Amino acid sequence: MKIWGKIVGGTAGFALGGPIAALLGVMAGHAVDHYVLEERASDETAPAVRGDSEEHPGLRQIAFTIGVIALGAKMAKVDGEVTRAEVEAFRSFFQVPASEERNVERFFDLAKRDAAGFEPYARQVAALFPDAPEILENVLEGLFDIARADGPVTAEEAEYLARVASIFGLSAERFERARAAALGVIECEPCVILGIDPLATDEQIREAWLRQVRAHHPDRLIAEGLPEEAIAVANRKLALINDAYDRLRRQRGLEAA
């Protein structure tokens, strides 16, 4: 996380709209009254990024980081009380470095106490990646991890996850893949992760594996200028994809690619 100086210092707050800007304003100590914060947080049409990206470098990285923290905090609170296990699940999945745990915890605490619902945050995060659903799928997987951290996924948590997936515009296939990657309780889990039918041919399995590797490869995300959090999640997903392919390959006695 190399962007915390800009986040905590508030240098990006004025260039971002929606609830993410509200959290940045509170964290930076800007004089923003409660009414304005609530109005911004409830604005469903606010763009993900306002202003010139050259004038405010790293805005998408900042918006992604804060948006994911907010969704994770609200995921943890949806069933009532935020547990230590849920907080640790967030830190583990998104690989928060020890040096930034305090900053993340401050935003996490602010987001879970924020009166605004999770929907505006989900819309703002979705708007960051209109052509990269695999990134949003990875975020959903992280939310599944938080949901299961303190026990079985509750009805309230399942509803939250389904709603976030809907706002993200994720297909049923992507939803099931995120669930399988996080929970591992689905028949033919490797097939779900690779997005194939259990009766797929050997060649179809290999093609699906290559397609998923290309979609989630960290080099692609680095080239798009995504933050370290997104890269860390992609690395985890890539390992799951490779593991799923290896399991199917061994089951069928296929040679290594």
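Which residues does Leu183 touch, not counting residues up to four places away in sequence? I looked this up before anything else. Leu183 touches Phe144, Arg148 and Val153, where contact means heavy atoms within 4.5 Å.

**Ground rules**

I note that this is a predicted model, where local features need pLDDT of at least 70 and side-chain atom pairs count only at pLDDT 80 or more, while totals for chains, interfaces and linings use all residues. Residues are numbered from 1 along each chain as its sequence is written, and side-chain values use heavy atoms, with hydrogens and water left out.

**Leu183, continued**

I placed Leu183 in helix H10 (residues 172–183). Helices (H or I, at least four residues) and strands (E, at least two) are DSSP runs, numbered from the N terminus. Leu183 has a relative accessible area of 23% and is partly exposed. My cut-offs: buried is under 20% relative accessible area, exposed is over 50%, and partly exposed is in between, with a 1.4 Å probe and protein chains only.

**Whole chain**

I counted 14 helices and 0 strands in the chain. The chain has 257 residues, and 50% of them count as buried. For contacts between residues at least 6 apart in sequence, I get 74% joining residues at least 24 apart. The accessible surface is about 11800 Å², with 50% of it belonging to carbon and sulfur atoms. That area comes from the Shrake-Rupley method with a 1.4 Å probe; for residues, only the protein chains shown count as cover.

**Cores**

Next I went for the nonpolar cores, meaning sets of buried Ala, Val, Leu, Ile, Met, Phe, Trp, Tyr and Cys residues joined through side-chain atoms within 4.5 Å. The largest has 57 residues, and Leu71, Phe90, Leu140 and Phe168 have the most contacts inside it. Helix H4 (residues 59–77) gives the largest share of this core, 11 residues. Another core, of 16 residues, lies apart from it and has Trp209, Leu238, Ala244 and Tyr245 among its members.

I then listed the neighbours of Phe90. Leaving out residues up to four places away in sequence, Phe90 touches Val68, Ile69, Gly72, Gln95, Val96, Val104, Phe108 and Ile146.

**H4 and its partners**

How far apart are the axes of H4 and helix H6 (residues 101–113), and at what angle do they cross? They come within 8 Å and cross at roughly 55°. Axes here are lines fitted to C-alpha atoms, for helices over the stretch in contact, and angles run from 0 to 180 degrees between N-to-C directions. That makes H4 oblique to H6. The angle classes I use are under 35 degrees for roughly parallel, over 145 for roughly antiparallel, 65 to 115 for roughly perpendicular, and oblique for the rest. The crossing of H4 and H6 is right-handed; right-handed means that the near helix is turned clockwise from the far one by less than a right angle, left-handed anticlockwise. Residues of H4 that meet H6 include Ile66, Ile69 and Gly72, and on the H6 side Val104 and Phe108 are among those involved.

With helix H9 (residues 155–168), the axis of H4 comes within 9 Å and crosses at roughly 155°. H4 is therefore roughly antiparallel to H9, and the crossing is right-handed. I found Leu71, Lys74 and Met75 of H4 meeting Glu157, Tyr160, Leu161 and Phe168 of H9.

I also looked up Ala63, which is found in H4. Ala63 counts as buried, at 0% relative accessibility. Its C-alpha atom is separated by 8.0 Å from that of Leu128, 65 residues apart along the chain.

**H5 against H8**

Helix H5 (residues 84–93) packs on helix H8 (residues 133–148) at about 150°, with axes 8 Å apart. H5 and H8 are therefore roughly antiparallel to each other, and their crossing is right-handed. Glu86, Ala89, Phe90 and Phe93 of H5 meet Asn138, Glu141, Gly142, Asp145 and Ile146 of H8.

**A loop residue**

Is Leu226 buried or exposed? Leu226 sits in the loop between helix H13 (218–223) and helix H14 (228–252), and Leu226 is buried, with a relative accessible area of 8%. Leu226 touches Arg60, Gln61, Phe129, Ile135, Leu221 and Ile231, not counting residues up to four places away in sequence. For Ile135 I noted a C-alpha to C-alpha distance of 10.0 Å from Leu226, at 91 residues apart in sequence.
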